[in-house]
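Trainee: I am new to this structure. Can we walk through it step by step?

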Amino acid sequence: MPLLKSPSRRIALFQLGTAISQSQLFDANAKLLRTEGNKLETFMLPVAAEPTTSVTAENVLEWTKRDNRRILHAVYRVGNLDKTIKFYTECLGMKLLRKRDIPEERYSNAFLGYGPEESNFTVELTYNYGVDKYDIGKGFGHFGIAVEDVAKMVELIKTKRGKVTQEPGPVKGGNAVIAFVEDPDGYKFELIERRPTSEPLCQVMLQVGDLDRSIDFYRKGFGMELLRKKDYPEYRCTVAIMGYGPEDKNTVLGLTYNYGIREYDKGNGYGQIAIGTNDVYKTAEAIKLSGGKIIREPGPLPGINTKITVCLDPDGWKTAFVDNIDFLKELE
């Protein structure tokens with residue numbers, strides 16, 4: 001992640017414009033890693049002073065439930081940006097919102113979704129020059145897309161020579177019609193048959209080693225609600241859906257516990273989700289109190305002054321919190 005040279009440049013943290021492992025992006029001493037040619041360099045990040053107002057742990061954790069939060073986007077790496085954009089727009093019906101090339105930093109990225117970034121969840125795709133393949137690992141689950149007619153979309157994907165990994169049909173033990181497809185890099189998408197919604201890109205699914213621990217963490221540290229939890233013995237897993245509002249109107253976080261599996265290989269493809277907040281300083285404090293690990297202390301990013309903080313959940317999944325007002329300024 002290089003230092004931004006222009007205020008119009010996107011939030012630096014959300015760029016995956018280097019091929020380094022996501023776990024090495026920030027170290028414990030707030031050093032930011034960047035590539036310079038074939039060399040990996042570090043420089044210190046300025047960390048703004050924290051507010052001096054004294055707040056109790058109970059107040060901070062209660063505040064997370066009242067904070068104005070929304071899951072903004074997911075960031076991940078792809079091996080062929082144009083090919084992936086073509087699949088997302090022609091097969092999945094997304095819109096290309098923005099695309100840019102940063103040759104001096106040897107990467108390109110694109111932002112896609114079903115509505116404007118100011119109000120809708122989007123995906124941020126990053127292509128690093130010369131890297132055409134990534135290891136997705138076993139921990140990332142899938143993205144969910146709500147569609148009116150799953151069978152119709154599957155047929156369209158087939159005509160475009162897309163990969164269908166599960167044909168349309170009802171979920172075992174339920175009535176919901178679903179199908180699974182893969183994008184050119186192997187990222188999975190679950191197509192879920194639902195009535196029309198303002199947020200079709202409706203779910204990010206991650207796999208965790210201790211579901212109760214994760215639910216407790218996301219409730220306290222992230223201020224999310226447990227929208228539903230269900231055991232699927234026929235699939236040997238239990239799923240919890242967490243979020244900031246009804247899942248038919250908001251993008252939610254799905255957590256899957258597979259019986260007997262405590263750890264997962266995360267690979268180097270999937271990066272993180274980003275969540276908006278009114279106060280990154282209180283957010284970081286709540287995360288620490290809830291057992292999460294802060295890997296980027298709260299404060300403004302160099303060059304653009306957008307305030308962010310970055311954390312890892314108990315399973316090591318990364319999330320960036322960004323100041324709501326600063327985020328909107330970045331989109332201007």
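This is a predicted model: local features need pLDDT of at least 70, side-chain atom pairs count only at pLDDT 80 or more; totals for chains, interfaces and linings use all residues.

Trainee: In which sense do strand β15 and strand β18 pair?

Mentor: β15 covers residues 270-277, and β18 covers residues 318-323. Five bridges join the two strands. Their pairing sense is parallel.

Trainee: Which strands stand at the edges of the open sheet of eight strands?

Mentor: Read the order: β4-β5-β6-β3-β15-β18-β17-β16, with mixed pairing. An edge strand here has a single partner, so one side of it is left without a neighbour in the sheet. That picks out β4 (95-102) and β16 (293-300).

Trainee: What angle does the direction of helix α6 make with that of β18?

Mentor: Helix α6 spans residues 324-331 and packs on the sheet. It touches β3 (70-77), β4, β15, β17 and β18. Its direction and that of β18 make an angle of about 85°.

Trainee: And helix α5, at what angle does it run to β16?

Mentor: Helix α5 takes in residues 280-289. It lies across β15, β16, β17 (307-312) and β18. To β16 it runs at about 165°.

Trainee: Which residues are the closest to the centre of the largest pocket?

Mentor: This pocket holds about 890 Å³ of space. Its lining counts 33 residues. The closest to the centre are H142, F180, E190, M205 and V239.

Trainee: How many residues of that lining are charged?

Mentor: Sort the lining by class. There are 14 nonpolar and 12 polar residues. The charged ones number seven.

How values were computed: Residues are numbered from 1 along each chain as its sequence is written. Side-chain values use heavy atoms; hydrogens and water are left out. On a 1 Å grid over the protein atoms alone, a cavity is a set of points where a 1.4 Å probe fits but cannot get out, and a pocket is an open set with protein on both sides within 12 Å along at least five of seven lines; lining residues have an atom within 4 Å of a point. Grid points are joined across faces, edges and corners, and a volume is the space filled by probe spheres set on the points. Ala, Val, Leu, Ile, Met, Phe, Trp, Tyr, Cys and Pro count as nonpolar, Asp, Glu, Lys and Arg as charged, and the others, Gly among them, as polar. Two strands pair if DSSP finds at least two bridges between them. Helices (H or I, at least four residues) and strands (E, at least two) are DSSP runs, numbered from the N terminus. Contact means heavy atoms within 4.5 Å. Axes are lines fitted to C-alpha atoms, for helices over the stretch in contact, and angles run from 0 to 180 degrees between N-to-C directions.
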